[in-house]
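User: I am new to this structure and would like to learn how to read its main features. Could you take me through them, giving the general idea and then the case here?

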Amino acid sequence: MLETEELWEENVRRVTPYTPGEQPQQKNIIKLNTNENPYPPAPGVREAMQEMDIDLLRRYPEPYGDPLRKALAEETGVEPEELFLGVGSDEVLALAFLTFFHGEKPVLFPDITYSFYDVWAELYRIPYRQISLNEDFQISKEDYIFPSEGKDGIGGIVLANPNAPTGVELNPETLEEIIAAHPEVVVIVDEAYVDFGATSVQPLLKKYNQLLIVRTFSKSRSMAGLRLGYAIGNKKLIKYLYDVKFSFNSYTINQPTIILGQAVLRDRPYFEKTVRQIEETREKSASRLESLGFKVFKSKTNFLFVTHPKLDIPDLFEWLKKRGIFVRHFNKPERIRPFLRISIGTEEEMEALFTNIKEYIIGKEK
Ligand code: PMP
């Protein structure tokens with residue numbers, strides 16, 4: 001039967017949603033598809049959860065997420081008023097798009113980057129232009145410093161550093177040149193993966209009032225399930241963000257998040273140890289993949305972006321999945337179809353991945 005459109009549908013805000021990575025629920029799989037941390041949260045998190053006063057749930061939480069916001073201010077070396085907490089950095093970014101890109105001029109971001117950016121732009125009807133990365137997945141700074149719209153022709157800039165899904169880090173001087181060239185618009189730098197060896201633009205906050213940095217507890221802090229992200233920016237930017245957020249929902253940072261977020265921050269040595277371990281496994285895995293003929297982009301994240309001149313990548317992706325190993329394959333944009341994004345797992349998980357890839361290659365050579 002053909003579905004017919006009903007009258008009321010004319011008034012619907014229609015959008016094509018972001019497609020998140022698969023979250024398979026079966027046990028005994030190796031999950032390397034959504035850049036989660038393979039190590040458990042800091043041990044203090046379990047204790048904090050067990051000791052949590054259940055009566056807290058009866059009450060609404062503190063709207064700014066205090067005292068978590070204060071603890072995070074200490075950890076990041078800024079004032080609490082320079083911090084905005086959100087339900088994952090996805091919520092922070094979504095609200096930042098809504099708050100800061102309220103004009104007619106296009107917002108710029110790369111063609112290959114976090115594929116949620118164009119979804120938010122479409123949702124809010126924000127004009128945008130995606131700029132092609134070069135063959136090595138690098139940006140050309142002139143594209144942003146001298147955009148084709150003219151010096152005052154743009155509505156904002158969004159750059160993920162390091163970029164996703166490529167893992168490639170932007171040169172810090174290049175980033176500063178871009179930010180310095182555009183005092184007339186907000187520049188968002190998405191630092192979701194910055195803890196895995198990249199350089200943060202945080203020192204630039206003192207110089208540029210229009211810079212907003214967005215980070216998350218989902219990757220380096222092992223807390224993807226908690227849903228906690230944050231933005232750092234000058235007090236005026238943060239106030240504007242809260243004005244929009246409080247016009248939407250005041251109580252998004254729930255009581256368990258306030259407690260468990262603080263527990264995570266209390267264990268800095270555990271954070272450093274697990275991040276170092278992931279970096280070590282990443283470098284080892286990159287060499288092993290190269291020895292199997294893969295081209296591996298230099299990564300400063302907890303994932304590797306790889307391709308192979310001889311292998312049918314979508315086929316390898318399906319083959320691994322049948323063996324319970326989930327990695328990420330993107331169908332769009334077209335030019336990243338021959339690539340896989342592989343999150344860094346434990347040493348054992350990576351071992352299993354290599355065994356299976358080797359088996360696949362041997363099978364093809366027969
Ligand atoms: N930015 C980038 C570049 C990401 O890859 C992700 C993870 N999908 C996010 C932001 C959002 O992460 P979260 O909402 O878990 O903080």
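Analyst: Accessible areas come from the Shrake-Rupley method with a 1.4 Å probe, and for residues only the protein chains shown count as cover. By that method the protein chain has an accessible surface of about 18,400 Å², and 52% of this belongs to carbon and sulfur atoms. This is a predicted model, in which local features need pLDDT of at least 70 and side-chain atom pairs count only at pLDDT 80 or more, while totals for chains, interfaces and linings use all residues. Residues are numbered from 1 along each chain as its sequence is written, and side-chain values use heavy atoms, with hydrogens and water left out.

User: What share of the 366 residues of the protein chain counts as buried?

Analyst: Buried means under 20% relative accessible area, with a 1.4 Å probe and protein chains only; in the protein chain, 53% of the 366 residues count as buried.

User: Which residues are closest to the ligand?

Analyst: A residue is near a molecule if one of its heavy atoms lies within 4 Å of it. Here 13 residues surround the ligand, and the closest are S89, D190, Y193, T216 and S218.

User: How far is an oxygen atom of the ligand from an N or O atom in the side chain of T216?

Analyst: A polar contact is a pair of N or O atoms within 3.5 Å, and for the side chain of T216 the distance to a ligand oxygen atom is 2.6 Å. For S89, a side-chain N or O atom lies 2.7 Å from an oxygen atom of the ligand. The protein covers 91% of the 400 Å² of accessible area that the ligand has on its own.

Terms used: Polar contact = N/O pair within 3.5 Å; in protein donor to acceptor, adjacent residues only side chain to side chain. Buried < 20%, exposed > 50% of the residue type's maximum accessible area, 1.4 Å probe, protein only.
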